[in-house]
Amino acid sequence: MGGELAEEAEAAQAAPDLFDVLPENWDAVEIFQRCSRQWRFSGMGGPVGLDVTAIASVLNLYELPPAEQLERLDQVQLIERGALSVMNQPRN
């Protein structure tokens, strides 16, 4: 029985977290993912945010009207805040 619990725990750690994305947020999630290697760091303090110029470059690729670009930027920054809260949690 103990072996089964260990296997379940191991499988849960190996499986990626899945979540639903509302259709109106899908573009923002795609943009966030495309910027995933554009984090800015504060020395040894960890990530402080995404490079806004990188986000702007990706937004330009989508050829969105300016008002829609601002809306997507707001959405990406919300995702960024949530990611930072997880990434900057103390590790044991």
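Helices (H or I, at least four residues) and strands (E, at least two) are DSSP runs, numbered from the N terminus. The model is predicted: local features need pLDDT of at least 70 and side-chain atom pairs count only at pLDDT 80 or more, while totals for chains, interfaces and linings use all residues. Residues are numbered from 1 along each chain as its sequence is written, and side-chain values use heavy atoms, with hydrogens and water left out.

H3 spans residues 52-61, and its residues Ala54, Ile55, Val58 and Leu59 are buried (under 20% relative accessible area, with exposed over 50% and partly exposed in between; 1.4 Å probe, protein chains only). Viewed down the axis of H3, the buried residues fall within an arc of 140°, so they line one face of the helix; the arc is that of the directions from the helix axis to the C-beta atoms.

Threonine 53 also lies in helix H3. Threonine 53 counts as exposed because its relative accessibility is 53%. After H3 comes glutamate 63, which has a positive phi, near 55°.

## The chain as a whole

The protein chain has four helices and two strands. Their order from the N terminus is α-α-β-β-α-α. Of the 92 residues in the chain, 25% are buried. Contacts between residues at least 6 apart in sequence include 55% that join residues at least 24 apart.

## Confidence

The mean pLDDT of the protein chain is 87, and 85% of its residues reach 70 or more; pLDDT is the predictor's confidence in each residue, from 0 to 100. Confidence is lowest in helix H1 (residues 2-14), with a mean of 65, and highest in H2, with 95.

## The largest pocket

The volume of the largest pocket is about 220 Å³. Its lining consists of Phe19, Asp20, Val21, Leu22, Asn25, Trp26, Val29, Phe32, Gln33 and Ile79. On a 1 Å grid over the protein atoms alone, a pocket is an open set of points where a 1.4 Å probe fits, with protein on both sides within 12 Å along at least five of seven lines; lining residues have an atom within 4 Å of a point. Grid points are joined across faces, edges and corners, and a volume is the space filled by probe spheres set on the points.

Helix H2 (residues 26-34) gives the largest share of this lining, four residues. By type, the lining of the largest pocket has seven nonpolar residues, two polar and one charged.

Key
Ala, Val, Leu, Ile, Met, Phe, Trp, Tyr, Cys and Pro count as nonpolar, Asp, Glu, Lys and Arg as charged, and the others, Gly among them, as polar. Contact means heavy atoms within 4.5 Å.
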